Amino acid sequence: QVRLVESGGGSVHSGGSLTLSCVVSGYTTSNYYMGWFRQAPGKEREGVAAIFTGNDNTYYAESVKGRFTISHGWAENTIDLEMNGLKPEDTAMYYCAGGASTYDSGGPLEARKYRAWGQGTQVTVSS
């Protein structure tokens, strides 16, 4: 059974930092896309960052480039999202997504590409 579990969310002031982690079980993350998405109240889910574990190519939304970094975590089958320079507009529920191969339709930052999702972790940034 595929399972993705996020952790690391919390509340910070504007300019602060947080690191989210996603632990994947039930399948190997090798040669798959892994992504982080977020959804704020009343808004659509948007892709924030993604990584293709086959070659470590990374992809970022324009709104987070230079501030967020997606990478392999220190533990096997873990994907981290380091978030620096947080802004109030980054406030959202953040979801880890996985199980997307190169054959699945959609770009790395498109939700339709992914087959497995975590339950989410809340990030709140106050001004």
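**View 1. The link of Cys 22 and Cys 96 is left-handed, with -80 degrees about the S-S bond.** In this predicted model, a disulfide joins Cys 22 to Cys 96, with an S to S distance of 2.0 Å. A disulfide is here a pair of cysteine sulfur atoms within 2.5 Å, and by this rule the count comes to one. The pair links distant parts of the chain: Cys 22 lies in strand E3 (residues 18-25) and Cys 96 in strand E9 (residues 92-100), 74 residues apart. Both Cys 22 and Cys 96 are buried (buried, under 20% relative accessible area; exposed, over 50%; partly exposed, in between; 1.4 Å probe, protein chains only).

Residues are numbered from 1 along each chain as its sequence is written, and side-chain values use heavy atoms, with hydrogens and water left out. Local features need pLDDT of at least 70 and side-chain atom pairs count only at pLDDT 80 or more, whereas totals for chains, interfaces and linings use all residues.

**View 2. Strands E5 and E6 form a hairpin with four residues between them.** E5 and E6 run antiparallel and are joined by four bridges; two strands pair if DSSP finds at least two bridges between them. Ile 51 has Thr 58 in E6 as its bridge partner.

**View 3. Asp 56 is found in the loop between strand E5 (46-52) and strand E6 (57-60).** Phi of Asp 56 is near 65 degrees, a positive value in a residue other than glycine. The relative accessible area of Asp 56 is 42%, so this residue is partly exposed.

**View 4. The chain as a whole has eleven strands and zero helices.** Helices (H or I, at least four residues) and strands (E, at least two) are DSSP runs, numbered from the N terminus. The radius of gyration of the chain is 13 Å, close to the 14 Å that the globule rule gives for 127 residues, so the chain is as compact as a globular protein of that length. This radius is taken over C-alpha atoms, and the globule rule is 2.2 Å times the number of residues to the power 0.38. Along its principal axes the C-alpha trace spans about 40 × 30 × 25 Å. Of the 127 residues, 46% count as buried. Among contacts (heavy atoms within 4.5 Å) between residues at least 6 apart in sequence, 57% join residues at least 24 apart.
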